[in-house]
Amino acid sequence: MTGLEELPAPSNPLAVARRLLPDWQTEDGHLVVRRWRGSWMRWTGTCWRELDEAQMRARMYERLEHAVYSAPGKDGQPEQRDWAPTKQKISNLLDALGAVTLLPTEADAPAWIDQSADQQDRSPIVACANGLLRIRDRALLPHSPGFFNLVSVPYAYDSGATAPTWERFLAQVWPHDPEAVNALQEWFGYVLSGRTDQQKILLIKGPSRSGKGTIARVLKELVGRENLAGPTLAGLGSNFGLSSLLGKPLAVISDARLSGKDGGQVVERLLTISGEDTIDIDRKFRDPWTGKLPTRLMILTNELPNFGDSSGVIARRFVVLNMTMSWLGREDTALTDRLATEMPGILNWALEGLARLERTGRITEPASSRESVVIMQDTASPTSAFVRECCTIGPDCAVPVDTLWAIWREWAEDNGVRAVGTKQMFGRNLQSVVPQLHRARPRDQYGRQVPTYTGITLNLSDPQ
C-alpha cells in the first residue's frame, strides 16, 4: 500500500474534513465550496451554484476510494488499512465538511463574505463575464469567491456598447409613456444587481403579440438561462411549487391565470417572496429548505389577475406596465436574433437603470400603473373600494357600526358584490383595510352604549 494517501481514521470525520479542506481552497485560501442553508454551493469562477448532494457524495467516494489510515495491528504495531468508504462514513464526513465550510444562514446573496478592506464597500456589484462591475464608479474588479453571488451575466462588460434596436423596440411599445420604459430599465438593473429590497413584483399586461414575450426573452438572455425559473401562478400554491425558485434570481410567470377563489395560498406566497420574508420550502426526497428567496417575480398576462385578498395589500406590491398595441399578424420574426447581438449594449442600458434606481431609491411607478393597481386592489378587496369611495379615515373619525354596515350592504348590492358576508366578517375585512380602526361602545344622549367604529366615518355626501 506504499504511496497511497494516508488520512485520519473514519472514526474521526472532523480530522478527515480538515485534511481534505485544501481541495476546496484557492491558492490564497478562499473556500470554493460552502455549506449554505442546507445546500452545497460551489464557486464556478464567476458566481456560486448549488451542487447536488449526490454529486458531493460521488466526489467523496472517488476521492477516498484508494485512501488508507493507520490503526493498531494485532501485535500492537500500527498498520495501514483501507479507508473503504461506505454510506455511513461518507455521511459522517459530509456532515463534518459542512461544519468547517459553513456559511451562516443569515448571509444573503449578493454580499462580500470575506472581510478585506476593498470589500467593505457596500456598493452594488454586477458579476459580468470579464469581472465584477461596481456600479458606483463602473470599476471592473477581478472575480473572487469572496463575493457570494448567485447571478452572473453571461456577457462581458463593454462600456461603449449600445442597443439601438432594443431602444427602438421599446419606443414602439410605449410611444407615449416614457415612465414605463424607465420602470422597465430599472427593473432590468434591479434583477441584475441581486437586490430584493424594493419588495415589488413586475406585472406586464397587454394583448397577444404586444411584446411581452420579447421582453421576457431578452431578460432571460441577459441574466442567463440557468438563472431563470418558469413556474405557473397557480403552481406557486402547490406543495412543491416553490422548489423550482431555489437559487433562481428571476421567475417569469407567463400567461398568468388565477381566480379569486383559489388564490389564497398563492397570495400568501407572493407576499412572502416579494416581502423578503423567511419561508419553509418543501423539496421532493430532501429536507425542507428554510431561508429568504432571492427571486424577483415577473408576471406576463393578457388581463389583470384576480387575487382574493381582503386587505388588498397584494395589489400594492405590483409595478404594472400596460401595453396597448398588438403586432398580431405582422410580427417581426427576426427581432429576437437582432436583439441577441445587442446584449452587451442592453447590459449597459440596464446598468443605467440600476444607477438611476440607486439615486432615486425606488422603481418608477408610471401613472398607468397606479390606475391598474387601484383596479387590482378593488377587485381583490371590495371593502377597500368601499372605503375609498364612501369613507374618510382619521383619528377623530367615528361612525356607528350599524350605520356603516347598512351603507356597506347598499353599496355592495349596487356594485354587484356577491359575498356581502356577515357584520362580523365585514368588520374583520374593514380592520385589514384600515389598520388604525378600533371598536368602542360610547354612550349616546340617552345613556345607551352604541357599538362604534373609531378611525373611520362616512363621507358627508353619503346618507347617514
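In the predicted model, helix 6 is followed by G224, a residue with a positive phi near 100 degrees. The twelve residues of helix 6 should span 16 Å at 1.5 Å a residue, and its end C-alpha atoms are 17 Å apart, which agrees. The buried residues of this helix are K212, T214, I215, A216, V218, L219, L222 and V223.

Two of these residues, I215 and V218, are touched by W166, which also touches L184, F188, L339, E342, I346 and W349, when residues up to four places away in sequence are not counted. The largest nonpolar core has 50 residues, and those with the most contacts inside it are W166, W174, L184, F188, I215 and M298. A second, separate core of 34 residues includes A17, W24, Y69 and L97.

W166 belongs to helix 4 (residues 164-173), where the buried residues are T165, W166, F169, L170 and V173. Viewed down the axis of helix 4, these buried residues fall within an arc of 135 degrees, so they line one face of the helix. An α-helix has 3.6 residues a turn, so residues three or four places apart point the same way. The buried residues of helix 4 pack against helix 5 (178-193), helix 6 (212-223), helix 8 (335-340) and helix 9 (343-360).

Aromatic rings form 15 pairs in the model. In one of them, the rings of F386 and W408 have their centres 5.5 Å apart and their planes at 75 degrees, so the pair is edge-to-face. Because F386 lies in helix 11 (residues 382-390) and W408 in helix 12 (residues 401-414), the pair ties together parts that are 22 residues apart in sequence. F386 counts as buried, at 0% relative accessibility, and W408 is buried as well, with a relative accessible area of 2%. W408 also pairs with F426: the ring centres are 5.1 Å apart and the planes at 15 degrees, so this pair is stacked. Together, F386, W405, W408, W411 and F426 form one aromatic cluster.

Strand 14 (residues 279-283) and strand 15 (residues 286-291) run antiparallel and are joined by four bridges. The bridge partner of I281 in strand 15 is W289. The two strands form a hairpin with two residues between them, and F285 in the turn has a positive phi of about 60 degrees.

Positive phi values also occur in loops. Q199, a residue other than glycine, has a phi near 55 degrees and lies in the loop between helix 5 and strand 11 (201-205). With a relative accessible area of 28%, Q199 is partly exposed. R209, likewise not a glycine, has a positive phi of about 60 degrees and is found in the loop between strand 11 and helix 6. R209 counts as exposed, at 51% relative accessibility, since the cut-off for exposed is over 50%. Elsewhere, the peptide bond from A109 to P110 is cis, with omega near 0 degrees; P110 is located in the loop between helix 3 and strand 6 (111-112).

Notes
Residues are numbered from 1 along each chain as its sequence is written. This is a predicted model: local features need pLDDT of at least 70, side-chain atom pairs count only at pLDDT 80 or more; totals for chains, interfaces and linings use all residues. Side-chain values use heavy atoms; hydrogens and water are left out. Buried means under 20% relative accessible area, exposed over 50%, partly exposed in between (1.4 Å probe, protein chains only). The arc is that of the directions from the helix axis to the C-beta atoms. Contact means heavy atoms within 4.5 Å. Two strands pair if DSSP finds at least two bridges between them. A nonpolar core is a set of buried Ala, Val, Leu, Ile, Met, Phe, Trp, Tyr and Cys residues joined through side-chain atoms within 4.5 Å. The expected span of a helix is 1.5 Å times one less than its number of residues. Rings of Phe, Tyr and Trp (its six-membered ring) pair if their centres lie within 6.5 Å; planes under 30 degrees apart count as stacked, over 60 as edge-to-face and the rest as tilted.
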